[in-house]
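Student: Could we go through this structure together, one piece at a time? I would like to ask things as they come up.
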Amino acid sequence: MMQENSVMNEDLYQRINLEDYVRTGEGATAVAYTHRAEPRLAKLYNKGFEADEALRDFRIARAVFEMGLPSPEPYRLVTDGERLGAEYELIAGKKSFSRLIADDPSLMRPLTLRFALLSKELHAMKADTSALPSFREMMREFYRNEASAPDYLRDCVFAFLDSVPDAPTCLHGDLQTGNIITDGRRELWIDLGLFSYGVPEWDIAQLWVFTNRLDEEKQELLFHLDRPRMLEHWDIFVRAYYGIDTPEQIDAVVKRLLPYAAVRIPFMLHIAYRTPISEGLAKFVTGIIGQS
């Protein structure tokens, strides 16, 4: 049943009947359902995803759409009575870049190059800072409020956050090829719940984690690609995005990204699985930041 502290009410969340929908996808935090008769896609978050978070994600997606970033139009907040989510414009015949590459490996290079270009264009856009959060400050808020974070970890993370710049430029928040789709005519960004503003390192660090450090089983589940293909994707992307070519240049980029990646890992584990911060993870994060 719905949580007692849920802000759900009839004015915000409209009840849908899942018999009118077909289950068509699943990610780390939500399940997607396509309407049987209308061009609508319902995204219902897994149980435990709080109502205020679902509302926040919807409002951010709406703000991003109104900024003009190519993305499916968000229609309304919905619930099936147990889970919360939102309904979006259905993009008929769409496939993610991840699925296209998995279906035809010869598309790895051209689609990764295209993804790098679209990422650079995204990171060149000025964000509406009145409607979007700062990613850096999202990290600060997470560590401030996360009960499982030991004080030494908070102190280390806060010192790092104080030392790095902020910027009024767009960030996807979950930058990866599963979050850009095409119907053959348009390319659209999806899963915009973490869309924010800041320096691009926050986005690129997450992509590095996905391609280089994510468990192989999860890579297959989320991206439909094995570890060698994910590493190939990273190599093509990092060279194109930064305009670099040598292993030494790539190593320098990764070294700069590592503390951003380390700070993000506990946050993403919380988002996806509500995982508390273990002592081992806390020491790992502080160790990476200490080396930067």
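Student: How many of the residues of H6 are buried?
Tutor: In H6, 12 of its 12 residues are buried, and this helix is mostly covered; buried means under 20% relative accessible area, exposed means over 50%, and partly exposed lies in between, with a 1.4 Å probe and protein chains only. Before we go on, please note that this is a predicted model, in which local features need pLDDT of at least 70 and side-chain atom pairs count only at pLDDT 80 or more, while totals for chains, interfaces and linings use all residues. Residues are numbered from 1 along each chain as its sequence is written, and side-chain values use heavy atoms, with hydrogens and water left out.
Student: And what is the span of H6?
Tutor: The end C-alpha atoms of H6 are 16 Å apart, which agrees with the 16 Å that its 12 residues should span at 1.5 Å a residue; the expected span is 1.5 Å times one less than the number of residues. Helices (H or I, at least four residues) and strands (E, at least two) are DSSP runs, numbered from the N terminus.
Student: Which residues is Leu 207 in contact with?
Tutor: Leu 207 lies in H6, residues 201-212, and Leu 207 is buried because its relative accessible area is 1%. Leaving aside neighbours within four places in sequence, Leu 207 is in contact with Phe 115, Leu 175, Gln 176, His 233, Trp 234 and Phe 237, where contact means heavy atoms within 4.5 Å. Leu 207 and Gln 176 are 31 residues apart in sequence, and their C-alpha atoms are 6.0 Å apart in space.
Student: Which residues of H8 are buried?
Tutor: They are Met 230, His 233, Trp 234, Ile 236, Phe 237, Val 238 and Tyr 241. What covers these buried residues of H8 includes H3 (108-123), H6, H7 (216-223) and H9 (247-273).
Student: What caps the N-terminal end of H8, and what follows the helix?
Tutor: Asp 226 caps the N-terminal end, with a side-chain oxygen 3.0 Å from the backbone nitrogen of Arg 229. A polar contact is a pair of N or O atoms within 3.5 Å; within protein, one must be able to donate a hydrogen and the other to accept it, and residues adjacent in sequence count only if both atoms are side-chain atoms. H8 is followed by Gly 243, whose phi is positive, near 65 degrees.
Student: New topic: where is Ser 98, and what does its side chain reach?
Tutor: Ser 98 is in helix H2, residues 97-103, and its side chain reaches the backbone nitrogen of Gly 178 at 3.0 Å. Not counting residues up to four places away in sequence, Ser 98 touches Thr 177, Gly 178, Phe 223 and His 224.
Student: Why does Ser 98 count as buried?
Tutor: Ser 98 counts as buried because its relative accessibility is 1%.
Student: What about the strands, in what order do they form the sheet?
Tutor: The 6 strands form an open sheet in the order E1-E5-E6-E4-E3-E2, and the pairing is mixed; two strands pair if DSSP finds at least two bridges between them. The edge strands are E1 (13-15) and E2 (21-26), each of which pairs on one side only.
Student: How many bridges join E1 to E5?
Tutor: There are 3 bridges between E1 and E5 (residues 74-79), and these strands run parallel. Tyr 13 stands opposite Leu 77 in E5.
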